[in-house]
Amino acid sequence: MSERWSAEQVVALAPDASSVAAGRKLAVPRTWSDAGASTAPAAVWGLCQGSGKTPYATVVDLAGPAFRCSCPSRKFPCKHALALLLLWAGGQVPDVAEPAEHAREWLASRAERAARTERPSTAAPDPEAAARRAERRRARVADGVADLERWLHDQVEQGLTGADRAGYGPYEQVAARLVDAQAPGLAAAVRSLATAAASGEGWPARLLDELALLHLLVRAYARLDTLDEATAAVVRRRVGEPERQQDVLAAPGLRDQWQVLAQHDTVRDRLAARRVHVRGTTTGRDAVVMLFGPSGQPLDVPLPVGAVVDADLHVHPGDPSRVSVGERHGEPAPLREVHGTTLAQVADAWSALLAVDPWATAMPVVLGDVTPLRHGDGGSARWVLADAAGDTLPVVFRDDPWRLVALSGGHPVTVVADRTVAGVRPVAAWCDGELVQL
């Protein structure tokens with residue numbers, strides 16, 4: 001059997017704190033029967049006795065990881081899966097040769113689906129038809145971009161007075177036309193203007209900034225053929241050019257021992273997003289694996305947090321920070337150490353990103369040996385992260401980062417974060433050999 005996960009790795013998979021608490025209560029051997037773990041396939045399974053007559057059948061595919069449970073919970077993973085993994089991590093699930101029947105059926109169906117996905121299509125593509133479709137789409141997008149540019153000029157000529165009271169209606173009408181023009185990226189950018197207009201004191205400056213960035217994108221699309229390939233790819237992505245996952249995975253991958261450092265979820269406009277931070281042990285490259293799905297529906301766990309995975313990651317065109325997981329080589333290993341970069345190096349990387357993608361709003365980083373400090377007095381005080389060179393970055397946190405402060409205890413720690421326009425947003429910390437999610 002491959003090396004078992006730590007309890008911290010299991011807890012990092014939980015959708016919320018209540019699921020962790022419930023999972024810990026169920027992580028006792030007397031609650032489980034027919035539990036076992038196997039190497040091929042790498043899986044853990046068991047039956048958990050609930051309040052009803054029939055126990056809940058729980059299976060975890062460790063290679064995913066992926067989860068299945070017969071309980072009615074809509075959380076993913078549910079408390080039964082967390083409890084089973086905690087038992088396994090504690091060495092209380094025996095290794096066996098073959099999975100139980102209920103686990104074997106589900107694991108076999110997953111393997112069959114994966115084989116179908118990897119099987120190449122036998123249908124011969126029609127390049128002429130594809131070229132005609134692409135040309136029609138380009139014409140529709142060009143018309144939509146031209147209409148948007150006229151609308152942007154009108155906003156500036158008419159002035160912004162009253163935009164903070166206009167609501168979402170005017171922006172939604174423009175966005176709907178852009179969706180019809182097959183430019184969903186531009187449509188999303190227009191919808192975000194309503195948020196800037198309703199952002200409170202100082203909103204005119206923020207709205208004007210957003211209008212200027214959107215105008216820059218419109219002008220960049222008009223000069224697409226004159227841009228360097230990296231920036232052209234960014235512009236196409238920002239406008240909303242469709243991207244196929246199979247095309248991303250078909251490009252050469254970056255193989256490394258990838259440290260899986262953090263996972264956090266957000267929900268916006270009924271769309272759930274999962275962001276998994278990884279860092280290459282050899283390359284020192286920071287990246288994120290992103291998954292999307294309808295709000296309320298479970299999202300996959302592409303890589304186990306707190307592990308080191310030997311895998312090929314494939315960079316998305318026009319988004320150098322985003323990767324997708326390709327081929328894996330061997331079983332995940334436990335995370336032993338994490339090293340970060342200096343704040344000066346982060347500043348250089350952020351500048352390089354903005355030179356290619358002026359519309360970037362976040363970049364994954366790992367900050368080595370930084371200390372959270374509070375600068376200023378009274379209402380003007382703010383939290384910053386400072387390193388040994390004396391460089392600082394503001395901390396962008398919904399609340400004061402007391403948990404990070406407590407972990408630090410006034411001493412340097414390694415912080416996993418997103419570098420944003422306003423500063424740095426911590427998502428995890430490596431302290432005393434332990435990875436803590438923030």
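Predicted model: local features only at pLDDT ≥ 70, side-chain atom pairs only at ≥ 80, totals over all residues.
**Entry 1: helix 7 and its neighbours**

I started with what sits around helix 7: its buried residues pack against helix 5 (127-158), helix 6 (169-180), helix 8 (203-222) and helix 9 (229-239).

Which residues of helix 7 are buried? I found Leu186, Ala187, Val190, Leu193, Ala194, Ala196 and Ala197. Looking down the axis of helix 7, I see these buried residues within an arc of 165 degrees, so they line one face of the helix.

Then I checked the length. Helix 7 covers residues 184-197, which makes 14 residues. From first C-alpha to last, helix 7 reaches 21 Å, close to the 20 Å expected at 1.5 Å a residue.

What is the strand order? I wrote down 13-12-11-14-15-16, and the pairing is antiparallel. The edges are strand 13 (392-394) and strand 16 (434-437), and each of them pairs on one side only. Neighbouring strands in this sheet are turned by 45 degrees against each other on average, if I ignore direction.

I picked one pair to follow up. How many bridges join strand 15 to strand 16? I got 4, with strand 15 taking in residues 424-431 and the two strands running antiparallel. As one example, Cys431 has Glu434 of strand 16 as its bridge partner.

**Entry 2: a helix on the sheet**

Key: Residues numbered from 1 in each chain as written. Heavy atoms only, no water. Pairing = 2+ DSSP bridges. Axes fitted to C-alpha atoms, helices over the stretch in contact; angles between N-to-C directions. Expected span 1.5 Å × (residues − 1). Buried < 20%, exposed > 50% of the residue type's maximum accessible area, 1.4 Å probe, protein only. Arc of directions from axis to C-beta. Contact = heavy atoms within 4.5 Å.
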